Amino acid sequence: MLGIHPVRGRFFTKAEDQPGAARVCVVSFGLWQGRFGGDLHLVGRSLTLNGELYTIIGILPDSFRDPFFTSDVWLPIWAYPNYMRDRRQNNVLGIARLSEGVGLQQARAELATIAKQLAMRYPDTNRSRSAVILPLHETVVEDLRPILLLLAGAVGCVLLIGCANVAALQLTQAFGRRQELAVRASLGAGKSTLMAQLLTESCVLGLVGGLCGLGIAAGGIRLITAYADNITADIPIGLNTPVLIFLLLVSLLTGVLFGLAPAWFARKEAMNFLRVRGPQRAQGTIRGMLVTTQVALAVVLLASAGLLLKSLQKLISVDPGFKTDHLLTLEYRVPRNKYPKGAQQTRFHEQVVEKVGALPGVESAADIRALPFSGNNASRIVSFPDRAPAPAGTPWIAGYNAVSPEYFSTVRMPLLEGRFFTLADASDRPRVVIVSRSFEKKFWPNQKALGRQVLVPRADTDSTSAADLFPATVVGVVPDTKHHSLMEPEAPQFYAPYAQDPFIFATL
């Protein structure tokens, strides 16, 4: 579907995509060259993943870049530890290629119809779900597009200012070359010949400037990759054929456009050299226009930079709801085949927190399911035992997270009311939750949330079936936090102890 062909071996077949099929995997080019030293006989050998043997059947090309994650090994989806054939689960992402002649709106309409049919057929799990189609390119560059457009605009302004400056210098030089050009004209050079000569000189100047810019760009890329490898690991940057073609076109275009005025003026002066007496008005007019253009562009650039700095200052001053300094994070998963039960997963997470927290230089450690600003998130449909459920089709939804008892103190999130979680809030104890201030304001306006109960789904589901709902008592209230973006509005959130909602995935 992506147009990718293996450099060695093959990719998965439909038969290998069924539960219980032979365990096979595909490895990345980087893993093949790095971990396995470019072994030409790697295809067909075994690889141990999460305690299970997999046969390597193919190697991805070096040019392949996953649009969402950096992965070393690829499995059929049924073998993914988090995958299960349960309609309550929604932790997979679908990617599709539209057929020829099918537009985005047509695909969206068809998928909306399918979603409605699923909602009617499976009301318990699909009633409040819809489907969204987004172009892959827009999804990948969604956060980068505004920044790149802003940088492109700034670079364009700087380029135009520089070109106007060079054009003014060329204009002055052309005035000093009147005698030379007049001699050329008297020897038979026509107007077009003089224009061509001067434009050629201007284009050569533009190409030389482009080559200098190319050298600076190559050095800048080396600096960026050396000092910002955390960015370039996810967003590969470099000089490629499209960049070089763009550079060539821009260099020639700027040479022609900004060489026209000096060339036209010089050609005119050459033809009238014998009748020249004192400064020419045309030169002053053209130079004045160039200076005015430079000043106008500089004002636009400075104003834009000022607005950008002001926006940046506002973003920096936004309180995310916790302290971000001196925090290190990492995501990890435990193999489900080794830790199949929730109690085993909980114990593993507790040992991680305990041992890392005891390391020299570590002040405290904690686990959270979906780390803010990581791209991971979850929500739950909530209801309450003391009131009627939400109207059909408009369920009450709140952001959800599972955390270890040390989380709030580790990220310096203050306690507004009640208490934090403790190790006593185990899986065999009554369910408890901590809610945000927005959660309290929305569901108990002008009242206190402490001691009240929330009906929450059983672990890892968003079912609204009465059999899957458990009462949980609110034991604490904390401030609202930003989870997806610093610009997002306040929204209801609530937290559960990791021990009461265990899972194989966590963020330390």
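F408 and Y495 are both buried, where buried denotes a relative accessible area under 20%, exposed over 50% and partly exposed in between (1.4 Å probe, protein chains only). The model is a predicted one, in which local features need pLDDT of at least 70, side-chain atom pairs count only at pLDDT 80 or more, and totals for chains, interfaces and linings use all residues. Residues are numbered from 1 along each chain as its sequence is written, and side-chain values use heavy atoms, with hydrogens and water left out.

Aromatic rings of Phe, Tyr and Trp (its six-membered ring) were paired if their centres lie within 6.5 Å, with planes under 30 degrees apart classed as stacked, over 60 as edge-to-face and the rest as tilted. The rings of F384 and F443 form a tilted pair, because their centres are 4.9 Å apart and their planes stand at 45 degrees. F384 has a relative accessible area of 3%, and F443 one of 4%; both residues are thus buried. For F408 and Y495, the centres are 5.2 Å apart and the planes at 80 degrees, so this pair is edge-to-face. Ring pairs also link F384, W396, Y400, F439, F443, W444 and F494 into a cluster.
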